[in-house]
Amino acid sequence: MKKQFIVAGIGTEIGKTFISSVLVEALQADYWKPIQSGGLDFSDTDTVKSLVSAPNNTFFPEAYRLNEPLSPHAAAALDGVTIELAKIQLPVTERNLIVELAGGLMVPLNDNDLVIDMVQQLNLPVILVSKNYLGSINHTLLSIEALKTRNIPVEGIIFNGISNASTESFILNYTKLKCLGRIPTQAEIDKPAVRKLADLLVGNWQ
C-alpha cells in the first residue's frame with residue numbers, strides 16, 4: 001500500500017524541508033512542493049534532492065514557483081499571478097510520496113483560499129512537524145484543531161529540534177496522536193545525517 005503524506009508545520013522555520021528529506025529517504029518516496037516562494041536559485045526541492053541518497057526518486061515540479069520569500073498570496077501578487085486551487089493537482093505516482101507545504105496551515109494562497117484548503121483538496125493524511133519554543137503548544141494544538149475541524153486525517157507528529165519532554169508529553173496526551181519521531185538538532189545537515197535519521201524513522205512504518 002502506498003504511503004503518501006502531506007508534511008505540515010505549526011509555523012514558519014519549523015524544519016519542514018529537513019524533515020521532508022528524512023521522510024523521503026525513510027520511505028523511498030517521491031517528493032513534491034506545490035508552492036515555492038522565493039529560492040529561485042536554489043529551491044526546497046533542490047535542498048531535498050541534495051540530502052537524499054535513495055535511488056529513483058521523482059521530484060515533481062512546483063505548481064507555482066514565486067520570486068519573493070513571502071506568504072504565497074503576497075509573493076504571487078508581486079509576480080502578477082493568482083494562485084488557483086484548480087491548478088494544483090496531486091502528481092500521479094505509484095510510489096510513496098511526500099508533499100511539503102509552504103508555511104503554516106492558515107497561510108493565505110489568495111483572497112479566498114488558505115493552505116489548509118489545498119490540504120483538504122489534495123486529500124492525503126498529514127504529518128505535523130512541531131518544534132519546541134515558547135508558544136509551540138498553542139500553535140501545535142491550534143494546527144491539530146484546524147485539521148480535525150475539516151476532518152483531515154493526521155498520521156502523527158514529528159518533534160524537530162531541542163526536546164522538551166513535558167511539552168511533548170502534554171501534546172501527545174491531549175491530542176491522542178502518535179509520535180512518529182523525535183529529531184534532535186543536528187550539528188551537520190547532510191546526506192549521512194539524513195540517512196541515519198531515516199533509519200530511525202523506518203520502524204514507525206513497519
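Reply: T140 counts as buried, because its relative accessibility is 0%. Keep in mind that this is a predicted model.

Me: Where is T140, then?

Reply: T140 sits in helix α5.

Me: And what does T140 touch, sequence neighbours aside?

Reply: Leaving out residues within four places in sequence, T140 is in contact with I10, L128, S130, I157 and I171.

Me: Which helix holds S136, and what range does that helix cover?

Reply: S136 is in helix α5, which covers residues 136–149.

Me: Is S136 buried or exposed?

Reply: Buried, because the relative accessibility of S136 is 1% and the cut-off for buried is under 20%.

Me: What does the S136 side chain reach?

Reply: The backbone oxygen of K131, at 3.5 Å.

Me: Switching to the annotation. Which residue does the UniProt "binding site" cover?

Reply: S37, according to the UniProt record, which is an unreviewed entry.

Me: Where does S37 sit?

Reply: In strand β3, residues 35–37.

Me: Why does S37 count as buried?

Reply: Because its relative accessibility is 16%, and under 20% counts as buried.

Me: What is around S37?

Reply: Beyond residues up to four places away in sequence, S37 touches L66, E68, P69, L70, S71, P72 and A75. With L70 there is also a polar pair: a polar atom of the S37 side chain lies 3.2 Å from the backbone oxygen of L70.

Me: Which strand has V99?

Reply: V99 is in strand β6, residues 97–104. V99 is buried, because its relative accessible area is 0%.

Me: Which residues are in contact with V99?

Reply: Apart from neighbours within four places in sequence, V99 is in contact with F5, I6, V7, W32, P34, L90, L122 and L124.

Me: Now helices. At what angle do α1 and α2 pack, and how far apart are the axes?

Reply: Helix α1 (residues 16–27) and helix α2 (residues 44–51) pack at about 45°, with axes 9 Å apart. That angle makes α1 oblique to α2.

Me: Is the crossing of α1 and α2 left-handed or right-handed?

Reply: Right-handed.

Me: Which residues meet there?

Reply: From α1, T17, S21 and V24; from α2, D44, T47, V48 and L51.

Me: What about T58, where is that?

Reply: T58 is in the loop between α2 and β4, with β4 at 59–60.

Me: How does T58 count on accessibility, and why?

Reply: Partly exposed, because its relative accessibility is 33%. The partly exposed class lies between the cut-offs, under 20% for buried and over 50% for exposed.

Me: And the contacts of T58?

Reply: T58 touches D30 and Y31, not counting residues up to four places away in sequence.

Me: How far is T58 from G135?

Reply: Their C-alpha atoms are separated by 36 Å, and the two residues are 77 apart along the chain.

Key. Residues are numbered from 1 along each chain as its sequence is written. This is a predicted model: local features need pLDDT of at least 70, side-chain atom pairs count only at pLDDT 80 or more; totals for chains, interfaces and linings use all residues. Side-chain values use heavy atoms; hydrogens and water are left out. UniProt positions are given in the numbering used here, feature names are shortened, and annotations may be inferred rather than shown by experiment. Helices (H or I, at least four residues) and strands (E, at least two) are DSSP runs, numbered from the N terminus. Buried means under 20% relative accessible area, exposed over 50%, partly exposed in between (1.4 Å probe, protein chains only). Contact means heavy atoms within 4.5 Å. A polar contact is a pair of N or O atoms within 3.5 Å; within protein, one must be able to donate a hydrogen and the other to accept it, and residues adjacent in sequence count only if both atoms are side-chain atoms. Axes are lines fitted to C-alpha atoms, for helices over the stretch in contact, and angles run from 0 to 180 degrees between N-to-C directions. Angles under 35 degrees count as roughly parallel, over 145 as roughly antiparallel, 65 to 115 as roughly perpendicular and the rest as oblique. A crossing is left-handed if the near helix is turned anticlockwise from the far one by less than a right angle, and right-handed if clockwise.
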